[in-house]
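Please keep the structure open beside you while you read.

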Amino acid sequence: MILKNIKKLYEDIFQSYKTPSIEEHIKKIIELDAFLPHNSTFFCITNTQELGFEYVSKNMYSCIGIEPHLFKTQAMKYFWSRIHPDDVEQWLEALNSLMEYTMNEISEEERHRMSYTWNYRFKNGQDEYVNVIQNTTPLAFDAFKKPIIGLAHYTIVEPGLKFEVTATAKYLNDSNTYETKYFNTFSQKLLESNISNRERDIIRLLVLKKSSKEIALKLNISPNTVDTHRRNILRKLKINSTGELIGLYKSNKGLF
């Protein structure tokens, strides 16, 4: 797909209307970056109105070997050009599905508590494709409460692992636990397994070594219900233990 077509589709997905800026908010995030350690993640502040990046964190070069100024000066067109050609259409579909779900299913009051995750392959500075899992939290909205500025975290995963492109929307509930509201995947394995959003929440908590009782408290359900979900998860994935489940999660993190 050529860049001008990507630009048109991306603008359609994130079509928005002007709203007051949040310069002070962004300034604080930039100041914090100086104190964050170097690791396998970096973050950007994205602006879908301007099709650019308000800021790129210092970890970017150590993660993907690309100079941050290229993102700042050449903006999203440069970013798009480095996404694997086979992932572009699925990536755009993932973004579109997340925005449609948000605008149709999430109330205006709840949108600031949403978090979005999707993944794709990206060409690094050594011209090798690596897996990127992107998580974006909205920072500002337009006049119609559509997310326009986001804090995007990028986690780089070794290229040897194969991920299908997925899209997930989570809501930070009153228990300060992220609850899966929407999930879409191109993975036939997980589609056929029919893992529900509630089961995905339980999988993530099991990986954190939470007990059935702790999971029940987090999700406001009974321990018996948690145990029923656990049995169903193992049956659907055709595995025999929580240990196998954790191993499957770690090797297919982008799919859960």
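Predicted model: local features only at pLDDT ≥ 70, side-chain atom pairs only at ≥ 80, totals over all residues.

1. Residues are numbered from 1 along each chain as its sequence is written, and side-chain values use heavy atoms, with hydrogens and water left out.

2. The chain holds 10 helices and seven strands, where helices (H or I, at least four residues) and strands (E, at least two) are DSSP runs numbered from the N terminus. Of its 256 residues, 50% are buried; buried means under 20% relative accessible area, exposed means over 50%, and partly exposed lies in between, for a 1.4 Å probe and protein chains only. If we take the contacts between residues at least 6 apart in sequence, 57% of them join residues at least 24 apart, a contact being heavy atoms within 4.5 Å.

3. Helix α9 covers residues 223-237, and its 15 residues should span 21 Å at 1.5 Å a residue, which agrees with the 21 Å between its end C-alpha atoms; the expected span is 1.5 Å times one less than the number of residues. Its buried residues are V226, H229, I233, L234, K236 and L237. They lie on the same side of α9, because they cover an arc of only 165 degrees around the axis, the arc being that of the directions from the helix axis to the C-beta atoms. The face turned away from this buried side carries the exposed residues N224, R231 and R235. Just after α9, K238 takes a positive phi of about 60 degrees.

4. How do α7 and α8 pack? Helix α7 (residues 197-207) and helix α8 (residues 212-219) have axes 10 Å apart and meet at an angle of about 130 degrees, where axes are lines fitted to C-alpha atoms, for helices over the stretch in contact, and angles run from 0 to 180 degrees between N-to-C directions. That makes α7 oblique to α8, since angles under 35 degrees count as roughly parallel, over 145 as roughly antiparallel, 65 to 115 as roughly perpendicular and the rest as oblique. The contact is made by R198, D201, I202, L205 and L206 of α7 with I215, K218 and L219 of α8.

5. Helix α9 also packs against both of these helices. The axes of α8 and α9 come within 8 Å and cross at roughly 110 degrees, which means that α8 is roughly perpendicular to α9. Here S212, K213, I215 and A216 in α8 meet P223, V226, D227 and R230 in α9. The axes of α7 and α9 come within 10 Å and cross at roughly 95 degrees, so α7 is roughly perpendicular to α9 as well. In this pair, R198, E199, I202, I203 and L206 in α7 meet H229, R230, N232, I233 and K236 in α9.

6. Not counting residues up to four places away in sequence, I29 touches F43, I45, L139 and L151. I29 and I45 are 16 residues apart in sequence and 9.0 Å apart in space, C-alpha to C-alpha.
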